[in-house]
2 protein chains.
Amino acid sequence: MKDFIFHSPTKIIFGRGKNAEIGEELARDGVKKVLMIYGKGSIKRNGVYEEVTSSLNDNGISFVELGGIKPNPVLSMVYEGIDLARAEGCEAVLGVGGGSVIDSAKAIAAGIPYKGDVWDFYSGKGPSEALPIYAILTLSATGSEMNGNSVITRDDSMEKKGMHGGAITTPKVSIIDPSVQFSLPKEQTVYGAIDAITHVAEYYFNGSKELNFPDRLCESLIRTIIESTDVLLENPTDYDARAELAWSATMALNGMTAVGRGRGDWSSHQIEHALSAIYYIAHGAGLAIILPAWLEYTKDVNGDKIVQIGERVLGIKGNPEETIEELINVYAAWGAPVYLEDAGIPPSDAEKIAENGSIGYPLGSAKTLEKEDVVGVLKLASKSK
Amino acid sequence: MKDFIFHSPTKIIFGRGKNAEIGEELARDGVKKVLMIYGKGSIKRNGVYEEVTSSLNDNGISFVELGGIKPNPVLSMVYEGIDLARAEGCEAVLGVGGGSVIDSAKAIAAGIPYKGDVWDFYSGKGPSEALPIYAILTLSATGSEMNGNSVITRDDSMEKKGMHGGAITTPKVSIIDPSVQFSLPKEQTVYGAIDAITHVAEYYFNGSKELNFPDRLCESLIRTIIESTDVLLENPTDYDARAELAWSATMALNGMTAVGRGRGDWSSHQIEHALSAIYYIAHGAGLAIILPAWLEYTKDVNGDKIVQIGERVLGIKGNPEETIEELINVYAAWGAPVYLEDAGIPPSDAEKIAENGSIGYPLGSAKTLEKEDVVGVLKLASKSK
């Protein structure tokens with residue numbers, strides 16, 4: 001087992017109706033004024049906005065709002081949030097939404113006390129302080145509610161980069177009410193599940209040797225995510241399945257899956273970022289196409305682990321190819337694209353995709369990938385493989 | 001899935017040689033003077049004392065020492081630590097040892113800023129502040145390195161009570177170097193493993209309904225603890241087995257196993273406390289005797305879960321009795337006592353044990369136990385059951 005540091009200090013409050021506790025949490029921490037950010041308005045339709053603002057009012061917390069955060073959140077909105085929070089004297093940032101909103105909250109919280117340009121933190125420099133961050137999660141997928149990571153796209157150059165602020169930019173409190181996800185469009189549930197599975201896979205298949213508890217933890221998460229998603233596609237208001245999926249997605253990227261393994265591989269994510277940068281495709285959809293192809297491409301180093309998860313989770317005995325095929329079948333049954341063609345991406349674009357600036361070569365830890373390897377992965381992601 | 005709060009803010013630094021990082025951690029947090037407490041001196045024989053004090057010196061941290069903390073740590077030592085830390089102006093408490101030392105560190109840290117008697121916190125009142133607590137773990141068993149709990153015995157009345165300080169008394173940083181446990185006597189490894197298994201069992205068998213990820217997490221922990229202990233009895237210096245056991249024991253009581261289940265049952269622990277109070281028996285040894293008997297006694301409510309863990313972990317198909325028998329076999333193979341008689345406790349003392357003040361009736365959550373039920377459990381813990 002490799003050495004590790006595990007530090008995941010977020011207080012998670014989990015359950016039906018718990019969003020109404022946010023005001024009490026802020027008051028307990030002595031926060032009097034908060035910048036509340038959210039997305040395109042779904043929280044006004046599903047009751048979350050009302051629940052949260054009532055709780056703030058009831059607890060005497062004043063708040064300033066910034067709505068309109070979009071998927072693939074952009075730096076210009078982060079600047080807007082920083083300016084607003086400074087002008088209004090906000091003492092904390094509250095993100096109400098999915099990963100994009102929470103990632104933006106982290107960026108704003110780190111930017112407020114910083115004299116320089118917050119983009120520095122997305123260019124390799126770590127933040128040394130941040131305002132306290134609070135989150136109300138409305139879409140289980142990225143795991144941002146329990147880690148210090150944030151991905152922001154710079155509007156003027158379309159560069160998409162990450163900040164890894166560790167405990168400094170980890171939410172102090174995150175509230176997860178699985179029932180607010182009852183009304184999600186089917187594909188958002190599916191893409192969230194695929195994102196979470198891929199987070200686990202980036203660590204499980206990072207080239208580390210077999211582990212006992214850490215491997216079984218990852219396998220338990222992937223099994224639960226698959227089984228819960230299967231249930232939710234039949235019955236989107238099944239509370240237990242929503243709760244199992246939500247908690248598993250949080251656990252998938254709170255540092256627990258990294259224990260004993262070293263750094264994640266992250267090739268699938270980087271290749272997917274190139275897809276998303278060029279084509280109009282959801283992150284989870286791109287991952288559904290890339291992860292199986294990457295597993296196929298790396299089966300010389302990941303073969304034993306693919307067999308292990310096949311046997312323990314998917315009921316496949318001793319065969320990596322069949323295990324990968326079964327994963328593709330699961331994703332296809334959920335309605336996700338599983339080949340480039342399913343998403344309208346021409347396989348002949350492979351070179352162009354591999355050359356996209358979203359990918360920083362060399363890539364990966366299980367197997368080091370160069371441009372020609374990514375072309376190879378993309379070939380395996382084609383129907384004509 | 002039941003509602004829950006999960007908050008486990010300890011920074012865990014895990015790996016060989018990591019104890020030498022304690023000085024740097026304290027310096028980063030601005031601590032200049034620390035009260036360092038430890039046990040009966042094994043840390044002076046295994047090199048940990050030298051490693052830790054060198055690190056403190058190298059980082060300019062001055063320290064005051066209090067050695068001699070004993071198993072079942074006592075209130076008088078806690079008072080001594082509080083007085084010493086106050087007199088010397090210590091800003092933090094560092095526990096170097098196993099659960100008894102870390103539990104004492106928490107008591108001292110909570111007592112220093114408190115105007116009243118620290119025993120108040122063991123009599124139902126929660127602490128509202130504490131000095132920061134740091135831990136260097138030398139024996140994996142109680143999980144105290146990653147939770148806010150502390151159990152202290154009041155010397156004058158022999159009352160053994162718990163403080164549950166949550167995040168306030170949770171160590172800020174805990175360092176776990178599994179290799180310092182290479183030299184443990186065999187029975188300490190075994191009793192630590194049994195303590196950890198029982199911590200998982202107190203939640204897994206608490207009467208909650210079947211869960212997906214949370215159940216698999218518990219099963220993965222128990223499997224890993226059993227397999228790692230088996231390896232260590234053959235080869236006590238197997239690093240990976242020490243590491244798997246250490247991390248599993250930490251995970252067994254950091255709040256993760258409680259997710260979605262509500263409160264633990266804790267009957268086995270309370271009955272064991274009565275055994276330890278009357279007879280000279282190690283906590284893990286007492287638990288080896290009590291947990292299987294308690295499972296037998298509660299199989300009308302815990303039957304499905306016993307079958308589930310039997311099938312998933314112990315390779316027993318559909319039979320609670322055989323599963324319990326297999327657990328007894330595992331413990332017996334490790335050299336632990338599995339019946340009262342093995343520990344020299346006369347089964348005819350059952351009434352006396354059940355009347356011991358360590359047990360607060362009614363007991364348990366899976367099944368509510370009164371005095372006659374505890375007598376029933378103890379009958380099943382006898383060879384002549």
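Two strands are taken to pair if DSSP finds at least two bridges between them, where strands (E, at least two residues) and helices (H or I, at least four residues) are DSSP runs numbered from the N terminus. In this predicted model, local features need pLDDT of at least 70 and side-chain atom pairs count only at pLDDT 80 or more, whereas totals for chains, interfaces and linings use all residues. Residues are numbered from 1 along each chain as its sequence is written, and chains are lettered from A and ligands numbered from 1 in the order in which they are written.

Strand β3 (residues 33-38) of chain A pairs with β4(A) in the parallel sense over five bridges, and L35(A) has V64(A) as its bridge partner in β4(A). These strands belong to an open sheet of seven strands with mixed pairing, in the order β4(A)-β3(A)-β5(A)-β6(A)-β9(A)-β2(A)-β1(B). The edges are held by β4 (62-66) of chain A and β1 (4-6) of chain B, each of which has a single partner strand, so that one side of each is left without a neighbour in the sheet. On average, and with direction ignored, neighbouring strands of this sheet are turned by 15 degrees against each other.

Pairing between the chains also involves β1(A), which is joined to strand β2 (residues 11-14) of chain B in the antiparallel sense over three bridges; in β2(B), F14(B) is the bridge partner of F4(A). With contact defined by C-beta atoms, placed from the backbone, that lie within 7 Å, 28 residues of chain A are in contact with 28 residues of chain B. On the side of chain A that touches chain B, two or more residues each come from β1 (4-6), β2 (11-14), α7 (213-234) and α8 (239-251) of chain A, and α7(A) gives the most, with eight residues.

Notes
Two residues are in contact if their C-beta atoms, placed from the backbone, lie within 7 Å. Axes are lines fitted to C-alpha atoms, for helices over the stretch in contact, and angles run from 0 to 180 degrees between N-to-C directions.
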